[in-house]
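Please read these notes with the model open beside you.

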2 protein chains.
Amino acid sequence: MRILIKNTETDHSKKDILIEGNKITRIEEHIDTPVDKVIDGTRKAVVPGMFNGHTHAAMTLMRGYADDMPLMPWLEEKIWPLEAKLTEEDVYWGAKLACLEMIKTGTTTMVDMYHHFPATANAVDEMGIRCMITHAGFDFGKPDMVENYKKTVQSQLEKMAGYSDRINYALGPHAIYTVSADLLKWVADFARHNGLNIHTHLSETKGEVEDALKNFGMRPVHYLKKDGLLGPNLSLAHCLYLDDDEIKILADNGCQVVHNPASNLKLASGNKFRSADLKKAGVTVCLGTDGTCSGNNLDMYETMKLAALTGKVAWNDPTMWSAEETFAIATETVETVTGIKAGKIEEGYLADLSLVNLNVPEMTPNFNLISNLVYSANGNVVDTVICDGKVLMENRKVPGEEEIMEKAAQAAFNLVRR
Amino acid sequence: MRILIKNTETDHSKKDILIEGNKITRIEEHIDTPVDKVIDGTRKAVVPGMFNGHTHAAMTLMRGYADDMPLMPWLEEKIWPLEAKLTEEDVYWGAKLACLEMIKTGTTTMVDMYHHFPATANAVDEMGIRCMITHAGFDFGKPDMVENYKKTVQSQLEKMAGYSDRINYALGPHAIYTVSADLLKWVADFARHNGLNIHTHLSETKGEVEDALKNFGMRPVHYLKKDGLLGPNLSLAHCLYLDDDEIKILADNGCQVVHNPASNLKLASGNKFRSADLKKAGVTVCLGTDGTCSGNNLDMYETMKLAALTGKVAWNDPTMWSAEETFAIATETVETVTGIKAGKIEEGYLADLSLVNLNVPEMTPNFNLISNLVYSANGNVVDTVICDGKVLMENRKVPGEEEIMEKAAQAAFNLVRR
């Protein structure tokens with residue numbers, strides 16, 4: 001399949017972009033070559049697909065079910081009871097809805113941690129985006145849960161051959177307060193042995209750090225280090241409460257950190273994400289939406305704006321989180337975290353990209369495309385999405401979207417009534 | 001003109017809404033009466049038009065022109081030099097673009113403070129929304145500027161009869177650091193004598209409060225009190241740095257406060273807006289976008305989300321700024337500030353409303369309409385807008401939108417090159 005995008009206005013100069021197979025192969029002022037499909041890029045800009053570094057996709061089913069509550073009652077009274085009733089079918093439709101929402105807002109790769117792995121894998125496979133999928137691991141120190149998790153992971157990994165290579169299987173121990181040290185060590189070994197990435201929550205709240213000091217006698221990063229988890233294959237969601245030493249250790253070990261501003265704000269977890277110190281130390285910082293119970297959406301454009309605006313005010317510095325830096329964080333980091341060559345509009349890169357509509361008020365005037373994308377737009381400016389060289393959305397229409405919304409809404413209401 | 005909206009799904013029950021002239025006259029399960037126009041409300045919710053309590057509409061022309069800078073170099077090197085070159089024609093197209101953006105995101109009333117008043121008035125008049133328009137007043141203590149401002153205001157007020165009653169003329173002294181005490185006193189008297197509202201900036205930065213203490217020997221609210229400005233006809237933009245005594249004085253005088261989260265965050269002005277204390281004291285709090293140089297958009301849905309999320313984290317309380325309270329703040333307060341009976345979907349209220357599309361991923365599932373609107377949606381969920389009983393947008397199309405974007409973009413680029 002060869003796709004030619006004509007006349008895009010990315011840099012105030014018109015360019016044509018040729019996609020052959022799943023790669024961008026030529027970017028020139030005029031390309032005239034026979035192709036299977038021509039896309040008119042007039043009054044549109046071509047930008048890399050967004051990378052959502054942390055989410056729980058199928059939580060779309062619980063969007064708006066419970067808000068404005070303190071963390072623990074919210075989890076214990078509302079979210080966990082619903083999650084305990086989730087079926088594989090529910091997760092399938094929830095993940096389909098999540099993929100739909102991500103495509104509609106220009107995200108082409110996500111990192112997911114949830115239950116019922118095969119349901120999410122099937123949904124992602126069908127919808128055409130990329131996902132580093134982890135099966136959420138919990139053992140609460142119970143031996144039967146440890147064994148069960150090990151077996152589940154091994155069996156899931158064996159079945160990966162049946163999925164598209166857009167799906168990248170990784171390990172997802174939930175957090176240091178829900179997974180035992182023994183299981184964490186096993187995860188580290190298993191990942192090393194099988195060349196897998198690891199993704200976990202870390203230092204999301206001040207309480208988590210205080211508990212780690214009390215229960216383990218050390219701060220969270222030191223605890224992960226002791227259990228052998230640190231390495232360039234580890235990405236950590238949240239990391240709101242790191243000290244200088246922890247930042248240095250993460251940098252020395254090549255770990256990545258995923259900032260989730262919407263969730264951190266809504267749950268009042270905190271807003272002092274140490275982006276400048278992490279950057280200075282050389283740690284790759286990415287952005288995530290978190291799940292839609294705390295988010296409450298999967299729009300990475302909004303996430304960019306939240307990260308930039310709240311970063312500036314938290315550190316009393318309006319020059320921090322510049323539009324250009326924020327945009328790069330939301331796109332280019334996909335390469336560091338997942339290892340795929342994507343996140344840039346350059347020859348040789350994967351054809352994971354969006355066409356953004358410039359002909360809307362919020363993109364007018366177009367003095368600075370990236371400023372408009374970060375500070376003014378939201379994900380609805382995305383008109384067309386291509387992932388892995390295939391068109392997933394054109395003119396804001398995704399094939400089958402009506403059925404996905406209907407089935408997901410049914411699943412959500414049935415879940416609450418069950 | 002009679003408009004009938006059929007089958008809207010606002011409260012999980014289907015309702016019909018009848019609009020006669022410029023008012024909502026009936027809301028019932030089934031209305032069958034001859035009308036001039038029927039709007040299909042299936043899979044749509046009817047919500048009040050948003051009230052944008054503080055903006056500088058024509059600054060749309062400078063969107064994305066300068067970002068990520070400290071306040072003073074940003075103003076002195078970038079914004080003020082451009083503003084000095086603005087023509088009435090520029091402001092007209094900038095205000096048209098602003099009105100277009102507001103209609104597209106469901107705002108039906110704004111409070112504007114800018115230069116070239118007639119240009120903004122003409123733009124608003126043509127676009128069909130409501131505006132409390134103030135001509136920005138500055139004198140920097142210079143007698144000729146004082147006289148000039150007085151003459152301008154008197155002549156503008158005389159010409160108001162030529163405009164639609166959707167335009168509400170008010171006085172807009174810029175701030176206590178740009179307007180002399182003498183002119184402030186004149187403004188207070190002139191407003192009282194002519195039954196006009198007053199709108200000004202106050203306590204936007206910590207430095208402004210420090211300067212007031214140094215230059216006037218008192219905090220900003222005390223200074224306004226001394227000059228006779230306080231009263232129920234006064235709305236104040238920002239008010240980030242109020243002490244307890246100032247909050248009590250504002251409450252005792254019936255003043256309103258407009259919170260502008262995007263601008264306060266982006267310029268790193270602060271995030272400790274004392275909403276809970278203002279509410280407890282009985283002060284009406286509204287929301288505004290501020291101008292698009294600091295905003296950078298005019299989307300009140302995004303403003304609701306920013307206010308709620310950053311309010312929760314600033315005060316470490318996830319129960320603050322609940323979705324319902326935030327939505328009411330963004331809509332119902334129009335009545336207190338401008339005196340018009342709007343901001344609610346009730347019989348007898350002005351027909352200033354939107355139809356919101358429920359058939360999009362970010363509104364699915366619809367457990368809680370208001371939560372979805374505040375936490376998940378952005379202004380692009382607005383499908384149809386009615387103001388003063390007239391349809392301004394249907395199926396996201398506003399008549400003449402292409403020309404407005406083209407002319408505003410031209411004006412913007414010419415302004416920079418001039």
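1. Conventions. This is a predicted model, in which local features need pLDDT of at least 70, side-chain atom pairs count only at pLDDT 80 or more, and totals for chains, interfaces and linings use all residues. Residues are numbered from 1 along each chain as its sequence is written, while chains are lettered from A and ligands numbered from 1 in the order in which they are written.

2. Domains of chain A. Domain 1 of chain A is made of 2-47 + 350-401, and domain 2 covers 50-338; such bounds come from an automatic or database domain assignment. Taken over C-alpha atoms, the centres of the two domains are 29 Å apart. Their contact involves 20 residues of domain 1 and 22 residues of domain 2, where contact means that the C-beta atoms of two residues, placed from the backbone, lie within 7 Å.

3. The domain 1 side of that contact. Helix H14 (369-376), strand S15 (382-387) and strand S16 (390-393) of chain A each give two or more residues to it, and H14(A) has the largest share, with 5 residues. Helices (H or I, at least four residues) and strands (E, at least two) are DSSP runs, numbered from the N terminus. By class, this side has 11 nonpolar, 4 polar and 5 charged residues. Here Ala, Val, Leu, Ile, Met, Phe, Trp, Tyr, Cys and Pro count as nonpolar, Asp, Glu, Lys and Arg as charged, and the others, Gly among them, as polar.

4. A sheet in chain A. Four strands form an open sheet in the order S5-S14-S15-S16, with antiparallel pairing; two strands pair if DSSP finds at least two bridges between them. Strand S5 (44-48) and S16 of chain A are at the edges with a single partner strand each, so one side of each has no neighbour in the sheet. S5(A) pairs with strand S14 (residues 353-357) of chain A over 5 bridges, and A:Lys44 stands opposite A:Asn357 in S14(A).

5. A hairpin in chain B. Strand S15 (residues 382-387) and strand S16 (residues 390-393) of chain B run antiparallel and are joined by 3 bridges. B:Val385 is opposite B:Met393 in S16(B). The hairpin has 2 residues between its strands, and B:Asp388 in the turn has a positive phi of about 55 degrees.

6. Contact between the chains. Chain A gives 51 residues and chain B gives 51 residues. On the chain A side, the elements with two or more residues are helix H2 (88-104), helix H9 (261-266), helix H11 (300-314), H14 and helix H15 (401-417). That side has 23 nonpolar, 18 polar and 10 charged residues.

7. Backbone spots to check. Most residues other than glycine have a negative phi, and most peptide bonds are trans. The bond from A:Thr364 to A:Pro365 is cis, with omega near -10 degrees, and A:Pro365 is in the loop between S14 and H14 of chain A. The bond from B:Gly295 to B:Asn296 is also cis, with omega near 0 degrees.

8. Is A:Ser203 buried or exposed? A:Ser203 is buried, with 25 other C-beta atoms within 10 Å; the cut-offs are 20 or more for buried, 12 or fewer for exposed and partly exposed in between, with C-beta atoms placed from the backbone. A:Ser203 has a positive phi of about 50 degrees although it is not a glycine. B:Phe140, not a glycine, also has a positive phi of about 50 degrees, but B:Phe140 counts as exposed, with 12 C-beta neighbours inside 10 Å.
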